[in-house]
Each structure stands twice: as structure tokens, then as C-alpha cells.
Amino acid sequence: SERIQAEASKAYDEKAPPGLDRRHDEGDLNYPCRYFHNEEIPNISVSGIPGFYYPSKRHSDHPEAGKYIPDLAENQFMNLANEYGFTHIVNLELSNDVSKTVKKLNESGKVEALEERQMSVSSLKGMREAAEYIGELLLDNDSRVLVHCRWGTHRAPAASVVGLIYA
């Protein structure tokens, strides 16, 4: 199974267009699960919820799947903020765990002013608010935004696209 996954990843990497980073399926110390970034749009990325190796035990054999791990979230946020210059987290999962972790990092000085905002995009009004907020951040060349939901496959990409359209 690991050999097949490795071969599939290699095949995907070889077919990926230039500038397109491969999606990280499981989280690790540096990236949330399903993290995706495209170099052609450098100031926005999407992912699943930080602090998880994988959001559900049902779909992963990882021993920590389905568990929020604050230290893992801290490492992921510090990497994204300090190594890649992320300035904003748009939390579509409405996770208080994520909010607490970002607040703790800001208070400790481990990151330089990482702003986190919870938003719901389950209504037209919420999606409009997300479009405006993300769009305004994208117009600011000093901002770099991570938009995350639980899985990083539906709400986060959709909100990112409406933010790009707004901008």
C-alpha cells in the first residue's frame, strides 16, 4: 500500500503543471492536511484544519487521525507564518481550538502578528462576507492568507475563489 501511494504521488508530481505544488494529503510538522499552494497566486493557500494529521479516523490509518494536537498546530502555524510569511488565517471550520492556538502564538511572540478570523460560508451572506474579507486581503500585497475548513476540499477552495473574484 505504501509503495502504491509513493508511485501514485510520483506520477502526480510528474504530471503536475509547472509552479503547481503537490497537495499534502496528511498533515505533518510543517503543513496542515491537504495543504495546497499554487505559485501563480502566491498570497493565498488552502488546507484542511491545522492541528490534525488527518481530520477523521475513518479515512486514515494514521494513529493520531481525528485528534486535534495543539503542538502540531503551533508548529504548522509557525512554519507558515515565519517561513512563508502568512499573515492571516481564515477559519471556516469555526474551530475554537485553532483560534486559541493562534492567540497563544501571538501572545508568546513566536509569530509576528498572525491574524485569525472565524467565518461561516454556509449562507449567501456569509460567502459574500468571506469574498469581501479575503478579496481585500488579496488586494493588500503585504498579506498572505491561509483559508482552511475541515477537509480543505470544499468550503476553503470555494471561499478562496470568491475572494479572488472579488479582488
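1. Arg 155 is partly exposed, with a relative accessible area of 33%. This residue belongs to a predicted model. The Arg 155 side chain forms a salt bridge with that of Glu 93, at 2.8 Å from N to O. Arg 155 lies in helix α5 (residues 155-166) and Glu 93 in the loop between β3 (88-91) and α3 (96-108), so the pair ties together parts that are 62 residues apart in sequence. Glu 93 is also partly exposed, at 22% relative accessible area.

2. The whole structure contains six salt bridges. One of them joins the side chains of Glu 129 and Lys 125, with an N to O distance of 3.9 Å. The two residues are four apart in helix α4 (residues 124-139), which means that about one helical turn separates them. Lys 125 is exposed, at 60% relative accessible area, whereas Glu 129 is partly exposed, at 39%.

3. Lys 67 and Glu 64 form a salt bridge through their side chains, at 3.9 Å from N to O. Lys 67 is partly exposed, with 37% relative accessibility. Glu 64 is partly exposed as well, with a relative accessible area of 30%.

4. A network of salt bridges links Glu 74, Lys 104 and Lys 110.

5. Asn 43 sits in the loop between β1 (36-37) and β2 (44-47). Its relative accessible area is 15%, so Asn 43 counts as buried, the cut-off being under 20%. Leaving aside residues up to four places away in sequence, Asn 43 touches Leu 138, Asp 140, Ser 143, Arg 144 and Val 145. A polar atom of the Asn 43 side chain lies 3.3 Å from the backbone oxygen of Leu 138.

Terms used
Residues are numbered from 1 along each chain as its sequence is written. This is a predicted model: local features need pLDDT of at least 70, side-chain atom pairs count only at pLDDT 80 or more; totals for chains, interfaces and linings use all residues. Side-chain values use heavy atoms; hydrogens and water are left out. Buried means under 20% relative accessible area, exposed over 50%, partly exposed in between (1.4 Å probe, protein chains only). A polar contact is a pair of N or O atoms within 3.5 Å; within protein, one must be able to donate a hydrogen and the other to accept it, and residues adjacent in sequence count only if both atoms are side-chain atoms. Contact means heavy atoms within 4.5 Å. A salt bridge is a side-chain nitrogen of Lys or Arg within 4 Å of a carboxyl oxygen of Asp or Glu.
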